[in-house]
Amino acid sequence: MREVIVIGGGVVGLASAWWLLEAGFGVTLLEREETLGAGASFRNGGQLSYRYVAPFADAGVPLKALRWLLQKDGPLRFRPEADRRQWRWLAQFVAHCDAGIHRRTTARLLQLGELSRSAMGQLDDIFPRAQYGWREAGKLVVYRSGKLFDAAAARADAGGEVLSAAACVAAEPALAAAQSVLAGGVLNRGEAVADCHAFCTGLGQRLHAHPRFRGIVRSEARGFLLEKGRVAWLDTSAGMLAADDYVLAAGIRSRTLAATAGIYLPLYPLKGYSLSAPVRPGDCPPQISVTDFERKVLYARIGDQLRVAAMVDMVGEDVSLDAGRIAGLLRQARATMPRAADYGTATAWAGLRPATPSSAPIIGATPVSNLWLNVGHGPLGFTFACGSASILAAVMRGQAPPISLEGLALGG
């Protein structure tokens with residue numbers, strides 16, 4: 001039996017560990033935090049958006065980004081760093097801002113999304129969805145600009161319902177206060193929301209019950225030691241660890257760890273913020289997951305909380321809470337859905353989403369024969385986790401992946 005060390009206890013690492021166990025591997029999980037899902041999986045937007053997967057890089061985005069930077073509560077903030085990784089990533093991102101590349105990447109991500117939808121269903125017998133607050137809420141993307149709405153309506157596929165502003169409010173009454181500023185929206189009913197942190201906690205419990213699971217090592221990975229083109233040892237704060245194979249699924253930390261093996265990972269941390277506000281009796285929270293397209297703010301009821309998530313801050317590996325950004329997010333939430341929850345007691349959070357320039361994750365082999373990747377999922381880690389894990393397990397067993405790895409492999 002091949003023994004594997006999976007590095008990273010977020011949703012992608014946990015899913016990787018489970019699918020590898022089911023594929024016949026012995027698995028040890030390495031996680032530096034005391035709790036699972038403590039990073040980008042903790043209080044993210046909770047989206048399972050299998051059809052809403054369009055890459056951030058697209059024609060016209062660089063010009064839009066300049067306008068966003070000038071807006072008081074705009075969706076983007078940028079702080080230049082004396083770090084060539086930032087500038088290299090930006091150059092690659094701009095190169096992907098092409099309509100043709102965007103179409104091809106979207107097609108790949110739609111395949112991965114449908115695979116992930118199916119793969120999550122494979123857990124139902126051992127992990128009931130109610131235990132992590134799964135709800136088929138549907139996803140309503142609303143537009144303030146008539147021009148943008150018309151373009152979105154023209155692109156809507158057979159699964160999308162094009163709605164006027166009034167129809168948006170009829171479908172989701174929580175938007176009533178914003179009706180006068182909306183041009184319309186597109187509703188996809190098959191999308192879902194869930195509590196990503198609860199999913200991580202529950203899946204971790206099931207790992208412990210699996211006969212091939214070796215346990216969790218609470219330690220920080222420091223780097224790989226190579227011999228003859230293979231990883232011989234993993235250096236950690238608890239000492240040296242050895243296995244037959246190693247899987248890197250450590251979020252943004254993956255780029256630094258990969259560098260110790262001589263591998264460049266095109267990852268950059270896109271910092272996002274969220275608010276979790278309790279829903280009280282008499283409040284009017286959204287029952288549908290709502291995305292405010294121009295403002296890049298999403299609203300979703302997860303259990304008894306309203307989750308409001310937004311923003312892309314390119315400020316390096318800084319997870320501190322920016323008071324100005326939190327205040328801006330609160331202003332937008334109160335203006336858009338004033339009666340949705342108790343904003344006065346909302347809890348703020350920030351996390352780092354490890355993104356590639358193309359928005360496509362990197363899954364599979366590396367030039368180091370026993371080092372494997374499952375990284376770069378950006379804001380769609382929860383959405384893609386199960387599908388990515390099923391791909392990883394297949395390729396590590398030497399089998400054909402369930403979907404093509406074109407555009408999803410390192411260097412591809």
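Modeller: Let's start with strand β1 (residues 3–7) and strand β13 (residues 245–248), which pair in the parallel sense over 4 bridges. Strands here are DSSP runs (E, at least two residues), helices are H or I runs of at least four, both numbered from the N terminus, and two strands pair if DSSP finds at least two bridges between them. This is a predicted model: local features need pLDDT of at least 70 and side-chain atom pairs pLDDT 80 or more, while totals for chains, interfaces and linings use all residues. Residues are numbered from 1 along each chain as its sequence is written, and side-chain values use heavy atoms, without hydrogens and water.

Biologist: Thanks! Which residue is the bridge partner of Ile-7 in β13?
Modeller: That's Leu-248.

Biologist: And what is the strand order in the open sheet?
Modeller: The order is β9-β2-β1-β13-β20-β19, 6 strands with mixed pairing. The edge strands, each pairing on one side only, are β9 (213–218) and β19 (362–365).

Biologist: Which strands does α10 lie across?
Modeller: Helix α10 lies across β1, β13, β19 and β20 (371–375), and runs at about 165 degrees to β20. Contact means heavy atoms within 4.5 Å; axes are lines fitted to C-alpha atoms, for helices over the stretch in contact, with angles from 0 to 180 degrees between N-to-C directions.

Biologist: How do the axes of α1 and α10 cross?
Modeller: The axes of α1 (residues 11–22) and α10 (residues 381–396) come within 8 Å and cross at roughly 35 degrees. Among the residues that meet are Trp-19 and Leu-20 in α1, and Phe-382 and Met-396 in α10.

Biologist: Switching topic: how many salt bridges does the structure hold?
Modeller: It holds 18, each a side-chain nitrogen of Lys or Arg within 4 Å of a carboxyl oxygen of Asp or Glu. One of them joins the side chains of Glu-220 and Arg-32 (3.4 Å, N to O). That pair links distant parts of the chain, 188 residues apart: Glu-220 is in the loop between β9 and β10 (221–227), and Arg-32 in the loop between β2 (26–31) and β3 (47–48).

Biologist: Which residues are linked with them in a network?
Modeller: The salt-bridge network links Arg-32, Glu-33 and Glu-220.
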